[in-house]
Amino acid sequence: MTLPQGFVVTLDRHTRVLDGGRALLGGHPTRLLRLSPRARELLTGRTVQVRGAAGAALADRLLETGFAHPAVKDLPPHLGPANGPEPTCSYVIPVRDRPQELDRLLASIRPSEGGAVIVVDDASHHPDRIAAVAARHGARLIPLPANLGPAGARNAGLREITTPYVAFVDSDIVLAPDTVPTLLRHFADPEVALAVPRITALTTPESDRWLGRYENARSSLDLGRNPAAVRPGTPVSWAPSACMVARTRVLVDVGGFDAGMHVGEDVDLCWRLIRTGRRIRYEPSVQAAHEHRVGLVDWFRRKAVYGTGAHPLARRHPEHIAPAVLAPWSAALLLALLAQRRWSLPAAAGVAAVATARNAEKLKDVERPLRHAARLTGLGAVSALTQGAALLTRHWWPLAAVGCLASRRIRRATAVAAVTDIALEVFEHGTATVRLDPVRYGIARRLDDLAYGSGVWISALKGRSTAALRPRVVRSGQAARARAARLAASRDG
């Protein structure tokens, strides 16, 4: 299947155009893509519009390698099969004992695509309240006799869908009017199986609490402000099921959600779809507002529950789960710095110099190869240090805590890691965005790590496996592909 005429892609903001348009540097993993004279003619500025077979092939290659993303606003509105009047998209809403939240969500849904709105009551304690809300909004109700969990409830709704597309929306979401219509535009690409919006914070009287402000800046569900292809080993390695639009037939073909998983089922679904060769798009230009947990005990417990998804994911997808994924050179650099010896800085500098020389050799056919190579090495070094800090403060915190009792070097490394990542995050987001002073932000960040790391260790002990705790050292290309997969479980919502 090929991209349709008029389909437009735009280069990713990190993609660099080199040598006057003769080559591109970027993608995931980072690579050099040399363009033929014909391909250079198809690239207008930083966009490619499909006007023939050659344009379709180039745009498809750019999408597949992460060099570019669909220009969704330039794509035509989705009009359904053969542009006819048939309904195209239905909604499935799993819910359990949240009548007020359900009422708020249903009021925000405008099913302009003509499909049904199905509420799946997952064995609520007060089903009459859920039924009354569904009836008031004209939604179809499917009551379940026993609690199946979110995955099972979604599957129960999926079995009733007759439209080509289905939108899964959790009851604590409020939709913007353009969210689902915009996501449907992505399905102009015949390879797209799933599209998701950015999950932002819903403004409520409780959301201005300090934990609410922290979640607004660093929610597990918020995948950032940049569009992306969802794939293991990329900055966006999974997509949350809080709000997603999918091709019905494709989901049915892969068996829907794994009903045996009560957490991490969205990560599992994404990776199974990608395994079949399908694409998943993250589209942050449209949003769905989520009511975050802001009570300390409830919030902490939920973060720990997220961590318990690590072992089930490691068992199903061992190739994608690791708390850190490092290339040999970056692992050597990290170990040299952690040693904290007199030779540590010279050794780390030597490792970085060798890596830069190797990168420069790979880029020798482009202008200023050393400059680009140094940049790539710098990015790799920052990634290694970030992952090392996360090991000490998040995934391995029980080991780090014990180590701090016995080793001054471990105490120093852990303290530096704990302070540095908070400083970097506050610098990245800015105090205006965080709306929380660095001290309380830092406390929330450490509690976040403590809760999630506890969940990971609980799941590892129950599963009698360290698979979710073991870092991986792989070749440079594999490290680039796998680097961000470790974020999936830790940010799973």
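I counted Lys and Arg as positive and Asp and Glu as negative, leaving out His and the chain ends. Each charge was placed at NZ of Lys, CZ of Arg, CG of Asp or CD of Glu. On that basis I found 66 positive and 43 negative side chains in the protein, with the centres of the two sets 9 Å apart.

I note that the model is predicted: local features need pLDDT of at least 70, side-chain atom pairs count only at pLDDT 80 or more, and totals for chains, interfaces and linings use all residues. Residues are numbered from 1 along each chain as its sequence is written, and side-chain values use heavy atoms, without hydrogens and water.

I next looked up the overall dimensions. The C-alpha trace spans about 70 × 60 × 40 Å along its principal axes.

I then turned to burial, taking buried as under 20% relative accessible area, exposed as over 50% and partly exposed as in between (1.4 Å probe, protein chains only). Of the 493 residues, 53% count as buried.

For the interior I used nonpolar cores, meaning sets of buried Ala, Val, Leu, Ile, Met, Phe, Trp, Tyr and Cys residues joined through side-chain atoms within 4.5 Å. The largest holds 46 residues, and V120, F168 and L273 have the most contacts inside it. A second, separate core of 32 residues includes Y91, L105, Y165 and V192.

Leaving aside neighbours within four places in sequence, L273 touches A193, L194, V250, L251, V254, R278 and I280.

Methods: Contact = heavy atoms within 4.5 Å.
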